[in-house]
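Please look through the sequence and the model that follow, and keep both in view while reading. The paragraphs below go from one residue to its surroundings and then to the chain as a whole.

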Amino acid sequence: MASDDVPRLVRRPRYVPFLLTGFVIGVVVTLVLVLGVGDHVDNPRKLVLYLGILLGGLGALAGGGLAVWLERGER
C-alpha cells in the first residue's frame, strides 16, 4: 500500500431495525383490519394469526427493500 492510499471506510447498513419496523407496521395494519371487520368473522383469532403472519412478513420484506434501496442511494 502506497503512502497516498487512504483506506476507505465502509459503513454497513443496519437491516434489523428496518425489518422489525416493517413487521410491526404489518401487525398494526392487521389489528386495524380485524377491528374494522367486527363481528362478521367466525374466528377472529385465526384471522389475526394468519393476517398477522402475512402482513407482518410483507411489511418486513418492504422494510428490508427500503433499507437496500437507501443503501444503494448512498453509493
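Predicted model: local features only at pLDDT ≥ 70, side-chain atom pairs only at ≥ 80, totals over all residues.

Is Gly 26 buried or exposed? Gly 26 is buried, because its relative accessible area is 5%, and the word buried stands here for a value under 20%, exposed for one over 50%, and partly exposed for what lies in between, with a 1.4 Å probe and protein chains only. Residues are numbered from 1 along each chain as its sequence is written, and side-chain values use heavy atoms, with hydrogens and water left out.

The chain contains 2 helices and 0 strands; helices (H or I, at least four residues) and strands (E, at least two) are DSSP runs that are numbered from the N terminus. Helix 1 covers residues 15–37, and with its 23 residues it reaches 33 Å from its first C-alpha to its last, close to the 33 Å expected at 1.5 Å a residue, where the expected span is 1.5 Å times one less than the number of residues. After helix 1 comes Gly 38, which has a positive phi near 75 degrees. Helix 2 takes in residues 44–74.

Within helix 1, Gly 22, Gly 26, Thr 30 and Val 34 are buried. If neighbours up to four places away in sequence are not counted, Gly 26 touches Leu 55 and Gly 56, a contact being heavy atoms within 4.5 Å. Gly 26 and Gly 56 are 30 residues apart in sequence, yet their C-alpha atoms are 4.2 Å apart in space. Gly 56 belongs to helix 2 and counts as buried because its relative accessibility is 0%. With residues up to four places away again left out, Gly 56 touches Gly 22, Phe 23, Gly 26, Val 27 and Leu 51.

Thr 30, also found in helix 1, is buried because its relative accessible area is 1%. Apart from its neighbours within four places in sequence, Thr 30 is in contact with Val 48, Leu 51, Gly 52 and Leu 55. Tyr 50, a residue of helix 2, is exposed, with a relative accessible area of 53%; from C-alpha to C-alpha, Tyr 50 and Thr 30 are 9.2 Å apart in space and 20 residues apart in sequence.

Val 24 in helix 1 is partly exposed, since its relative accessible area is 47%, and its C-alpha is 6.6 Å from that of Gly 56, which is 32 residues away in sequence. Together with Phe 23, Val 28 and Val 32, Val 24 forms a nonpolar patch on the surface that has about 350 Å² of accessible area. Such patches are made of residues with over 30% relative accessible area and no salt bridge, in which like charges are joined within 9 Å and nonpolar side chains (Val, Leu, Ile, Met, Phe, Trp, Tyr) within 5 Å; a salt bridge is a side-chain nitrogen of Lys or Arg within 4 Å of a carboxyl oxygen of Asp or Glu.

Glu 71 has its place in helix 2 and is buried, with a relative accessible area of 15%. Its side chain makes a polar contact with the side chain of Tyr 15 at 3.1 Å, that is, a pair of N or O atoms within 3.5 Å, of which one must be able to donate a hydrogen and the other to accept it within protein, and residues adjacent in sequence count only if both atoms are side-chain atoms.

For the chain as a whole, 17% of the 75 residues count as buried. Among the contacts with a separation of 6 or more, 71% are between residues 24 or more positions apart.

Key: Areas by Shrake-Rupley, 256 points an atom, 1.4 Å probe, with all protein chains shown as cover.
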